[in-house]
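User: I would like to learn how to read a protein model. Can you take me through one in short steps?

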Amino acid sequence: MTLLRRHMWGLLLVAGAIFPNIYVAGGRESSASQPSATPVVKNLPGYLREATDSWSGTAFLRITEPGILGLAGVCGKKYCTHRYSSAQAWNADQSLLLIVNGCGGMCFLDGRTYVPLFHRNRSTECEWHPRDPELMICIAGRQISTWAPRTNHEDVVFASPAYSKLQFGPYKGNPSRDGNRIAVRATRNDGKAVVFGYDIKLRQKFPDIDLAQLPGTTGSCSISPLGINIVCSQALPDGNEPNFIFSMDGILRQKWMEHHRPGHGDMTVDADGSEIYVGISKSDPDKYQVIKRRLADGKVTSLMKYGEAMHASLRSLDRPGWVFLSYGGTPAEISQHPDWAPYAQQVIALRTDGSGEVRRIVDTQNTHFDYWSETHASPSPDGSQVVWSSNWGVPGGPVYDFVTRVEWPSEPVPSQKEIVANGLQ
């Protein structure tokens, strides 16, 4: 890595530490591109006009544009996108799709036609309930609530004068997959920073976990998919970001002290019933590979060889066994490294069983520039739709959201040629 690249990466790490809602790129280090003097967008699909991706053969649409977004609000000139790869963009029945970045609050679109429906001026941290399509789970101040975006009705399920500055993650927290449990960051009245589990259905709070016992600064905490573990990511002074796994009662079960092994990922339940974290490793012996790691014992399995994977999403809760990966890099760079994973500026779905089987989703035509221009692909609950972002080849140009529609065969037929290219057989 050149000295300039090392310097740029250091600045990005500092930015990520100062601004917790800015996520540093998940893939290999690369310096930010500079905008052209006169950005020119070529072959940009029309707003809500269906197009076909030549690489994958899938149909996709552009669903945002700068300016007034119908009844849903106003899109900013720089970007107008969904929130993050590991955040659920659609509600449980896929009738609503949420746009929040650059939208002046929450912009809700029809989840299948993408026509703008309504806007909510709300700044609290909210995540879709994974099973109830009418509800979001929200955390702010001293309380936890469920909120119905369509009616704007809210029910407080937890409030306590003993805690303040409640947070959902922040920014990277998800509910358990049944929607019952969450992990809550908070400041206790004695000044201690803590995290605790909370069961929304039972209205039950679990014991506080004192975050001061962990080295460095806590980045985010999330409940595990089965609601039995709390996973916290720490930022150490040397730049490393290890993970710590606690039981709901606060017992430390695992500590992964390697840097991002994995990171920029998501959690799910594997075929054998074990909880796993899938993401991009930034440490040896599997640096820049996509890996899965078992929460129970830390066992690591490589899923995709060295490459430019940046973000991983497992939000297709009703189509288990697939992780959706956003790739950066450039085709020119990839072509010079036949031993790398053969993907650049593309989104793929990858089997989590270690077979290397891939479904091509879309060629994003996205040029790296900054965090907001990263693709951050996130699937719908059944995996039939994937939302992703792109500046359409113009560094510093507007960043739009797109949705790709995916048709899944009843009996998947793996491509042996693509599996061999992925280096897992």
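What follows is a set of questions and answers on cysteine pairs and one serine.

Analyst: This is a predicted model: local features need pLDDT of at least 70, side-chain atom pairs count only at pLDDT 80 or more, and totals for chains, interfaces and linings use all residues. Residues are numbered from 1 along each chain as its sequence is written, and side-chain values use heavy atoms, with hydrogens and water left out.

User: How many disulfides does the count come to?

Analyst: A disulfide is a pair of cysteine sulfur atoms within 2.5 Å. Counted along the chain, the bonded cysteines pair as 1-2, 3-4, 5-6, 7-8. By the distance rule, the count comes to 4 disulfides.

User: Is the disulfide of C75 and C80 left-handed or right-handed?

Analyst: The sulfur atoms of C75 and C80 are 2.0 Å apart. The torsion about their S-S bond is about -55°, so the disulfide is left-handed.

User: Is C107 buried or exposed?

Analyst: C107 is joined to C103 by a disulfide, S to S 1.6 Å. Buried means under 20% relative accessible area, exposed over 50%, and partly exposed in between (1.4 Å probe, protein chains only). C107 has 0% relative accessibility, so C107 counts as buried.

User: Which strand holds C138?

Analyst: C126 and C138 form a disulfide, with sulfur atoms 2.1 Å apart. This pair links distant parts of the chain, 12 residues apart. Strands (E, at least two residues) are DSSP runs, numbered from the N terminus. C126 is in strand β8 (residues 125–128), while C138 is in strand β9 (residues 136–140).

User: What is the handedness of the disulfide of C126 and C138?

Analyst: Look at the torsion about the S-S bond. For C126 and C138 it is about 110°, so the disulfide is right-handed.

User: Why does S378 count as buried?

Analyst: S378 sits in strand β29 (residues 378–379). Contact means heavy atoms within 4.5 Å. Not counting residues up to four places away in sequence, S378 touches several residues, including H82, W90, R315 and V387. S378 counts as buried because its relative accessibility is 0%.

User: Which backbone oxygens lie 3.1 Å from the side chain of S378?

Analyst: A polar contact is a pair of N or O atoms within 3.5 Å; within protein, one must be able to donate a hydrogen and the other to accept it, and residues adjacent in sequence count only if both atoms are side-chain atoms. The side chain of S378 reaches one backbone oxygen at 3.1 Å, that of S85. A polar atom of the S378 side chain also lies 3.1 Å from the backbone oxygen of A87.

Key
Helix = DSSP H or I, 4+ residues; strand = E, 2+ residues; numbered from the N terminus.
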